[in-house]
Amino acid sequence: MEKSKSRFLAADIAVCALFVALMTAAAFIKIPFPLVPLTFQTVTAVLSGLLLGAKKGAASMAAYCFAGLLGLPVFTSGGGIHYVTMPTFGYIIGFIASAFIAGLIARDGTSVRRVTVAAITAFLVDYIIGTPYCIVVAAIGGTYDLVNVFVMWNLIYMPKDFALCILAGLLARSVRPAINKIRG
């Protein structure tokens, strides 16, 4: 019995580490765009919750966040504690919450409706956390055109993230049964 528990613990650590690596890769796959490059981080956070469940998905995103804050260059512009002063750091915090929400809502992930609702809700959670953080940090930094900050740093990215998160839900619905079978 004890050997079985340790095997599952090792497997859980491995899948969480895999999502930390996927999130790091998603940060560095950049499509040039004015101000902030397009990345695939939001969809990766949502996918972590959909595939790993609420706790493990959130744990993998928290590990990613802490690795970056410790100085590992996993964020789009490197890493370090100074990153908390960057307008986009709110989205990194949001990744943890969105992974948790995606996993919480999706649960077993067998219904198209359930995974779609989970993915859309998780997408919204990331923006609900990230957008105000972005605007507040920009304002503290002396930016007075906060409408422009909202549009250029937030609103224009939402359709891409929305569409990708729906696709992530459908992908997770197809992949999750195989993952559950492997877990036993």
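I began with Lys 160. Its relative accessibility is 23%, so I logged Lys 160 as partly exposed. I note that this is a predicted model.

**Entry 1: the Lys 160 pair**

I looked up the partner of Lys 160. Lys 160 forms a salt bridge with Asp 161. The closest N and O atoms are 2.6 Å apart. Is Asp 161 buried or exposed? Asp 161 has 5% relative accessibility, so I put it down as buried. The cut-off for buried is under 20%.

**Entry 2: the rest of the salt bridges**

How many salt bridges does a search of the whole structure find? The search returns two. I went to the pair Asp 12 and Lys 56, whose side chains meet in a salt bridge at 3.5 Å, N to O. This pair links distant parts of the chain, 44 residues apart. Asp 12 sits in helix H1, residues 2-28. Lys 56 sits in helix H3, residues 54-69. I checked the accessibility of each partner. Asp 12 comes out at 23%, so it counts as partly exposed. Lys 56 comes out at 26% and also counts as partly exposed.

**Entry 3: Gly 57**

Next I moved to Gly 57, which lies in helix H3. Lys 56 is in helix H3 too. How buried is Gly 57? Its relative accessible area is 0%, so I recorded Gly 57 as buried. I then asked which residues Gly 57 is in contact with, leaving aside neighbours within four places in sequence. The list reads Ser 48, Gly 49, Leu 52 and Ala 99. I also looked up Phe 95, 38 residues from Gly 57 along the chain. The C-alpha atoms of Gly 57 and Phe 95 are separated by 9.4 Å.

**Entry 4: Thr 39**

Where does Thr 39 lie? I found Thr 39 in the loop between H1 and helix H2, the latter spanning 41-52. Thr 39 has 10% relative accessibility, so it goes down as buried. The side chain of Thr 39 makes a polar contact with the side chain of Gln 41, at 3.3 Å. I then listed what Thr 39 touches, not counting residues up to four places away in sequence. Ala 26, Ala 27, Ile 29 and Lys 30 are among them. Thr 76 is another entry on that list. Lys 160 and Asp 161 are also touched by Thr 39. That brings me back to Entry 1, where Lys 160 and Asp 161 form their salt bridge.

Note on methods. Residues numbered from 1 in each chain as written. Predicted model: local features only at pLDDT ≥ 70, side-chain atom pairs only at ≥ 80, totals over all residues. Heavy atoms only, no water. Salt bridge = Lys/Arg side-chain N within 4 Å of Asp/Glu carboxyl O. Helix = DSSP H or I, 4+ residues; strand = E, 2+ residues; numbered from the N terminus. Buried < 20%, exposed > 50% of the residue type's maximum accessible area, 1.4 Å probe, protein only. Contact = heavy atoms within 4.5 Å. Polar contact = N/O pair within 3.5 Å; in protein donor to acceptor, adjacent residues only side chain to side chain.
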